[in-house]
Amino acid sequence: MEKIIISNLDDLNSILDRLNNDENIDISDIDFNNLATVKIKVYGDEYNGELNSNIIHAMSNYHNELLKVYCVVRYRDLSLKKLSSEDKKLLTIKYEVNAGCTEIINSIKELIESIGEAFSKMTTGMTPKQKTACCILTVLSVAGYFTISEALNYDLKKQDLLTSAQSQLDSQKIDVKKIETIQNGMLSILNGNKQAIEIATNTKNQSQQAYINTVKSFPDVTNIELKNSNLDVKLDKSEISSFVTTNKDKLITEEGTRELIIESIKRTPERLNIICLEIGSDYSFPLSVDLSFIEQDEIDLLFDSFKKSIPVKIRGDFKVRSGVIERANTSNVLP
């Protein structure tokens with residue numbers, strides 16, 4: 001099959017239509033190279049094209065956060081400890097810093113190729129169509145499409161543009177709408193597949209964190225511009241602050257009972273520190289058990305569950321972000 005080259009948002013919409021028409025499009029059939037460059041321009045007195053500690057720190061954070069995206073796809077885990085030496089060789093991000101204002105050009109071609117290969121090697125959990133849709137969502141995430149689109153949407157709501165700039169405003173609104181359509185369409189293909197939705201959610205959140213942390217790394221800026229092959233947004237100082245504080249899903253508390261698999265237990269005089277995961281999920285989280293609130297038979301249930309690798313029902317408070325449990329406290333262990 002001839003390679004499908006993605007150059008713009010209409011190309012992505014075309015792939016979405018073809019997937020919805022049950023056309024078989026393998027990940028290896030798609031050329032993502034035109035999406036593999038992200039530019040970050042920093043304007044301010046201290047940023048004149050020279051490398052300084054802020055820029056080096058920002059590039060290091062950006063790289064590490066995007067490596068975690070690969071870990072989510074390949075290992076279902078955010079820990080960089082999962083990366084092998086071979087992984088690290090394949091996950092290079094190349095930087096170019098231009099003079100004038102500070103323009104950092106991030107080439108993420110190798111990272112995108114490695115993500116595509118990781119999806120291609122998956123043998124269980126998703127249909128071929130779902131793997132392709134989930135891979136596209138992940139590539140768009142690491143290339144900053146959802147983050148820049150959300151920043152654009154925020155910026156558009158604030159603007160009081162002159163009539164002469166109306167055509168630019170209309171074009172930006174169209175692009176934001178296209179991204180929303182592509183995202184919702186790909187997610188609908190994943191509907192009902194918990195593993196696929198978790199991967200898409202976590203890769204989006206982790207990629208977003210990479211861009212937020214990069215923006216936060218530059219003090220005393222007047223403007224920051226985020227640009228990829230199709231989207232471009234320029235934020236002033238006040239917009240940067242709002243973007244950083246609002247562009248992250250909130251952590252919510254959910255009370256209830258969940259069935260968990262225990263991966264490890266460590267006991268102290270006051271509590272049990274447990275690493276566990278919910279049945280059907282690939283993502284572990286810490287569970288804290290205050291020993292003053294539970295009975296000995298409940299403690300026995302936890303250790304029995306761990307030793308025999310059988311599920312255990314826990315009632316407690318679960319801290320959840322974007323549908324994924326980050327941590328929990330228990331009040332009861334149920335037989």
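The legends below describe close-up views of a predicted model. In this predicted model, local features need pLDDT of at least 70 and side-chain atom pairs count only at pLDDT 80 or more, whereas totals for chains, interfaces and linings use all residues. Residues are numbered from 1 along each chain as its sequence is written, and side-chain values use heavy atoms, with hydrogens and water left out.

**View 1. An open sheet of five strands.** The strand order is β4-β5-β3-β6-β7, with antiparallel pairing. Strands (E, at least two residues) and helices (H or I, at least four residues) are DSSP runs, numbered from the N terminus; two strands pair if DSSP finds at least two bridges between them. At the edges lie β4 (94-98) and β7 (232-236), each of which pairs on one side only. On average, neighbouring strands of the sheet are turned by 15° against each other, direction ignored.

**View 2. The pairing of β3 with β6.** Strand β3 (residues 37-43) runs antiparallel to strand β6 (residues 223-227), and five bridges join the two.

View 3. Helix α2 (residues 53-75) lies across β3, β4 and β5 (102-107). The helix runs at about 25° to β5; axes are lines fitted to C-alpha atoms, for helices over the stretch in contact (heavy atoms within 4.5 Å), and angles run from 0 to 180 degrees between N-to-C directions.

**View 4. The largest cavity.** A search of the whole structure finds one cavity of 30 Å³ or more. A cavity is a set of points, on a 1 Å grid over the protein atoms alone, where a 1.4 Å probe fits but cannot get out; lining residues have an atom within 4 Å of a point. The largest cavity holds about 40 Å³ of space, a volume being the space filled by probe spheres set on the points, which are joined across faces, edges and corners. Its lining consists of I40, A58, M59, Y62, Y95, I104, N106 and T214. Two or more lining residues come from each of α2 and β5, and α2 gives the most, with three. Six lining residues are nonpolar, two are polar and none is charged; Ala, Val, Leu, Ile, Met, Phe, Trp, Tyr, Cys and Pro count as nonpolar, Asp, Glu, Lys and Arg as charged, and the others, Gly among them, as polar.

**View 5. Strand β11 and its partners β8 and β12.** Nine bridges join strand β8 (residues 252-267) to the antiparallel strand β11 (residues 312-321); G256 has G316 in β11 as its bridge partner. Strand β12 (residues 324-334) also pairs with β11 in the antiparallel sense, over nine bridges, and the bridge partner of D317 in β12 is N329.

Notes: 1 Å grid on protein atoms, 1.4 Å probe; cavity = no way out; pocket = protein on both sides within 12 Å on 5 of 7 lines; lining within 4 Å.
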